Amino acid sequence: MTTTKTPTVATRKLTYVKAFNEGLAQAMREDENVFVAGEDVAGYGGVFRMFDNLLDEFGPRRMIDTPISEAALVGLGVGAAARGLRPVVDLMFMDFIGVCLDQIVNQAAKMKYMFGGALSVPLTITTASGAGLGAAAQHSQSLEAWLAHVPGLKVVMPSDAYTAKGLTVSAIRDDNPVVVMLNKVLLGSTSEVPEEIYGIPLGQAHTARQGSDVTVIALGRMVGEALAAADELAAEGVEIEVIDPRTVQPLDTETMFASVRRTNRVLVVHEAVTFGGLGAEIAAQIQDAVFDYLDAPVLRIGAPFSPVPFSPVLEKAYVPDRARIAQGCRRLLERS
Amino acid sequence: MVQKAPRKSAAKTTHQASAQVIKDLHERMVRIRLFETEAGKLMEAGKLPGFLHLYVGQEAVAAGVMAALRDDDQITSTHRGHGHAVAKGVGFREMYAELYGRVTGACLGRGGSMHINDLTRGMLGANGIVGAGVPIAVGAAFAARYKGEDSVAVTFFGDGATNIGAFHEGANMAAILGLPVVFICENNGYAEFTPQSAHMLITDVADRAAAYGMPSVIVDGMDAVAVHRAATEAVERARAGAGPMMIEAKTYRFYDHQGVKGLRHPYRSDEEVAEWKSRDPIDLLETRAVADGTATRAELDDVWRRTRDEIAEAIAYAEASPLPDPADLLLNVYSG
Ligand SMILES: Cc1ncc(C[n+]2csc(CCOP(=O)(O)OP(=O)(O)O)c2C)c(N)n1
């Protein structure tokens, strides 16, 4: 395994999707065993342009267009990984894991365990999740809670271009099956991205903004919304700390606990359905570990218990945003 | 015309049909064409949210099959479902209203283009998940037989969809249970941007039926009369209790996979598109009908005119319709 170099200087801005693409290309250059398979990934470059130009550089041996056969696609990755390759398989829209969940949950996740540790499954599954494009109920879900519940899987949710690259590289270098959940709405967003290859350690949260009054733990696209809410609240004299877990399995709870000890109030926000979402897990762990530091019950914000609606007016009301986050923080501050 | 599996050769195209059938097929095709071209314009004008998978070019298939069905016969459709819905008799108003995300839409604004349905017309839904409609049609056919009704179920799917497990499991299930299901493969030669030759090694999808002991036939999918004859036979057979059958219609979509145009990577040659467009299914039928004396040019033009008016009215209705109320976000998540 290559050691993880921490990036030094960021010199330019890159879009989220280009940062992903660059990280993947660098990981492919680094390790001959990395290959990519998926629908329209090679010739077309991926429907979200995630795989642009990779066929030109790596050729059809390492960039493979597959039939619409997700179960076989993930299974191909599992079998190839069990034999020592490092497959990156793309599921286009996260919702499509519905048709290949067995290969992910019962096969990829459990294989090392059931083989008594004799092999590993260094499989990376890339996919685009999230609402916001009017793509409706079967093309807009955030299903991280399904996956994070399964022992053996790792799940990462890049919140910006920088993390899209670093988490992708780490996912590919990791010896376990890792699902990289890119967010559709963030694809065109930009941030500073170092040119060299770098990995962001899996299972290490990042404090995206420091503050003393409320800890907001935000997943994926909600990090940007939380930072915007923090700006809004700063004008009111309230200092919000924003924590981006980056990896939801394994979950870095220590960084969260430390923050709670400083702020004494916590809001967890994700765009997935609130019920049974990761907010519940995070809230429970915080209450278990640092209950005595809490000045108010942990507050969760997520989507209502409904499929993702199509109509933009409904979709907007469905997905949490900066206004709801700011309002949640105010509510937390009113209590105690 | 029905052949026992394995299928050997394509069915002969016959141009004989009653004047009434020709006019019916013509009207259904014109309705689809105008619905679709107007929807495409609205999308290009930025008026519609979400995705739009247009059906233009494939009208002969929907028209030919639907003209062979009764209102109580059920269909399941695909992500490219507008043509099926229009031909099955779903109203323009509720379809456009749905594309606009209005509360008067077919899914009350919750579903959008990929989820249009209408139980009063036996339209069991378009579907965002490739192949998912196949087993659902099998279930609908099972219900008809269970209840002692003589309705049949028809499932539409693309060439690409026949690479997915749901298709194979559904086909075998229908065959072994001897259910009244008609499988319609609309082979437009592409799955998204991948040509058929790159996602299966066979030329005729109909060959796949043989694996399940299901008879099949290949028809010219640009010839509505040919499709209608094959469908009539398959439907009558299924209705009479002789079990499922597959029809493969060789057809073509004139627009892009999604939206009207905007191809970043051309994946079809201009010549290929032009060649198929020269076999426009509506032109073919009109030319033949006028030559045969089945219809006059004026009669045919009148259908276009009437349909145009109806469409303009439906779009105006959709635009004037109210948006859904976010307070109703949880509507219809459960019954009761
Ligand atoms: C399970 C699943 N995988 C992938 C997709 C993405 N997708 C939507 S349409 C399509 C191509 C379908 O091809 P085909 O069945 O031939 O139908 P066509 O688009 O040609 O009408 C793909 C891959 C999807 N919607 N569902």
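User: In this predicted model, what makes the place of A:Arg49 in chain A a loop position?

Analyst: A:Arg49 falls between two elements of chain A, namely strand 2 (34-38) and helix 2 (54-62), and lies in the loop that joins them.

User: How do you know whether A:Asn53 counts as buried or exposed?

Analyst: The value for A:Asn53 is 58% relative accessibility. The cut-off for exposed is over 50%, and A:Asn53 therefore counts as exposed. A:Asn53 is also found in the loop between strand 2 and helix 2 of chain A, and has a positive phi of about 70° without being a glycine.

User: What kind of peptide bond joins A:Gln249 and A:Pro250, cis or trans?

Analyst: The bond is cis, with omega of about -5°. A:Pro250 lies in the loop between strand 12 (247-249) and helix 9 (253-263) of chain A. Most peptide bonds are trans.

User: What makes the pair B:His115 and A:Gln138 a polar contact?

Analyst: The side chains of B:His115 and A:Gln138 make this contact at 3.4 Å, and the cut-off for a pair of N or O atoms is within 3.5 Å. Beyond four places in sequence, the residues in contact with B:His115 include A:Ala136 and A:Ala137 from chain A, and B:Cys107 and B:Ala126 from chain B.

User: Why are strand 1 and strand 6 of chain B said to stand at the edges?

Analyst: The open sheet has 5 strands in the order 1-2-3-7-6, with parallel pairing. Strand 1 (74-76) and strand 6 (216-220) each have a single partner strand, so one side of each lacks a neighbour in the sheet. Neighbouring strands are turned by 20° against each other on average, direction ignored.

User: How do you know that strand 3 and strand 7 of chain B pair?

Analyst: Pairing requires at least two bridges, and 6 bridges join strand 3 (residues 181-187) to strand 7 (residues 245-250), so the two strands pair. They run parallel, and B:Val182 stands opposite B:Met245 of strand 7. Helix 9 (residues 224-239) of chain B packs on the sheet, touching strand 3, strand 6 and strand 7.

Key:
Residues numbered from 1 in each chain as written. Chains lettered and ligands numbered in written order. Predicted model: local features only at pLDDT ≥ 70, side-chain atom pairs only at ≥ 80, totals over all residues. Heavy atoms only, no water. Helix = DSSP H or I, 4+ residues; strand = E, 2+ residues; numbered from the N terminus. Buried < 20%, exposed > 50% of the residue type's maximum accessible area, 1.4 Å probe, protein only. Polar contact = N/O pair within 3.5 Å; in protein donor to acceptor, adjacent residues only side chain to side chain. Contact = heavy atoms within 4.5 Å. Axes fitted to C-alpha atoms, helices over the stretch in contact; angles between N-to-C directions.
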